[in-house]
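Welcome, and thanks for taking a look at this one with us. Here is a short briefing to read alongside the sequence and the model.

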Amino acid sequence: MTPAPPDPGRLVRETFVRHVEHHAVIGSTNDRAREMAAEAADRRPRLIVADRQTAGRGRGTKRWWTGPGSLAFSLLVDLESFGVERSRQSMVALAAGIAVVETLAPALEGIPLGLHWPNDVYAQGRKLAGILIESAARRLHVVGIGINTNNTLRDAPPELSDAAVTLLDLTAREHDHTEILVGFLTRFERLLSELAHAPKRVGRKANALCLQRGRFLTVAHGGRTASGVCEGIAPDGALLLKTDSGPKRFHSGTLREPPDRGQPLRG
């Protein structure tokens, strides 16, 4: 299923991005954004959108499958121009996740939708979207997002059937990619402003959307692991774990449990 390509003119008129680049097929939108960071003559926000990726990736060494009809995009942005201090940049993935949830929630009324720390959006207990933040040249950042929109699990490898979900499969209808991008970018701009001026507000929103509260998790960070019951997300964006040796906080890390059930989809 091939959705209509995004409308660059509308995206530039109605959002803060100043340049939109669309690809029918690309290796990775994040890689292209990093190239643009080194090539561009200015620091204006740029958006790269692809119908299909051949080398999409997640955190670490994970690879991502981009199903036909899904939405993959990367935003090249100067976080400092929004006033986001370096100490708050670890919360950008949470801000992006909140923006994704707020954008998609109207289409998923009655369906549980929220965040999996540190960088995923889940619906009905399965992965709907993934976020990958990377640094780029000239102190710019790439916010890469994949949303399972108009793709379907019928086209996915069998090992993904229990790990992911798509908007099409949940709602039995197609969704306009331009509308989703306008909605996301509008909300993300507001959340970046909040991150600069009222960061605890972003942390509280993330906590309210946390789907892992009460679950037993194992977090790997800095060569060490810690296991405990999730107590939510702190106002500063840290994951809170209640462990046998006391409470622990993580501003970054990789979840090791529950066991990997197969590579989730990326839009």
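Which residue in E12 does lysine 242 stand opposite? The residue facing lysine 242 is proline 247 in E12. Please keep in mind that this is a predicted model. The secondary structure of the protein amounts to six helices and 14 strands, and buried residues account for 56% of its 267 residues.

**Overall picture**

- Of the contacts between residues at least 6 apart in sequence, 66% join residues at least 24 apart.
- The protein exposes about 11,700 Å², and carbon and sulfur atoms supply 49% of that area.

**The open sheet with E12 and E13**

- Five strands make up an open sheet, with antiparallel pairing and the order E12-E11-E10-E9-E13.
- Its edges are strand E12 (246-250) and strand E13 (254-255), each of which pairs on one side only.
- Strand E11 (residues 239-243) and E12 run antiparallel and are joined by five bridges.

**Aromatic pairs**

- The structure holds three aromatic pairs. One of them joins phenylalanine 16 and phenylalanine 82 edge-to-face, at 5.6 Å centre to centre and with 80° between the planes.
- Phenylalanine 16 sits in the loop between helix H1 (8-14) and strand E1 (19-26), and phenylalanine 82 in the loop between strand E4 (71-77) and helix H3 (92-104), so their pair ties together parts that are 66 residues apart in sequence. Phenylalanine 16 and phenylalanine 82 are both buried.
- How are the rings of phenylalanine 184 and phenylalanine 188 arranged, given planes at 15°? Planes under 30 degrees apart count as stacked, so this pair, with ring centres 5.3 Å apart, is stacked.
- Phenylalanine 184 and phenylalanine 188 are four residues apart in helix H5 (residues 177-197), which means that about one helical turn separates them. In general, an α-helix has 3.6 residues a turn, so residues three or four places apart point the same way.
- Phenylalanine 184 and phenylalanine 188 are both buried. Ring pairs also bring in Phe73, linking Phe73, Phe184 and Phe188 into a cluster.

**Helix H6**

- Where do the buried residues of H6 fall when seen down its axis? The buried residues of helix H6 (residues 199-209) include Pro199, Val202, Gly203 and Ala206. Seen down the axis, the buried residues of H6 fall within an arc of 100°, so they line one face of the helix.
- Lys200 and Ala208, on the other side of H6, are exposed.
- Among the elements that cover the buried residues of H6 are H3, strand E5 (113-116), H5 and strand E10 (224-233).

Methods: Residues numbered from 1 in each chain as written. Predicted model: local features only at pLDDT ≥ 70, side-chain atom pairs only at ≥ 80, totals over all residues. Heavy atoms only, no water. Phe/Tyr/Trp six-rings, centres within 6.5 Å; stacked < 30°, edge-to-face > 60°. Helix = DSSP H or I, 4+ residues; strand = E, 2+ residues; numbered from the N terminus. Buried < 20%, exposed > 50% of the residue type's maximum accessible area, 1.4 Å probe, protein only. Arc of directions from axis to C-beta. Contact = heavy atoms within 4.5 Å. Pairing = 2+ DSSP bridges. Areas by Shrake-Rupley, 256 points an atom, 1.4 Å probe, with all protein chains shown as cover.
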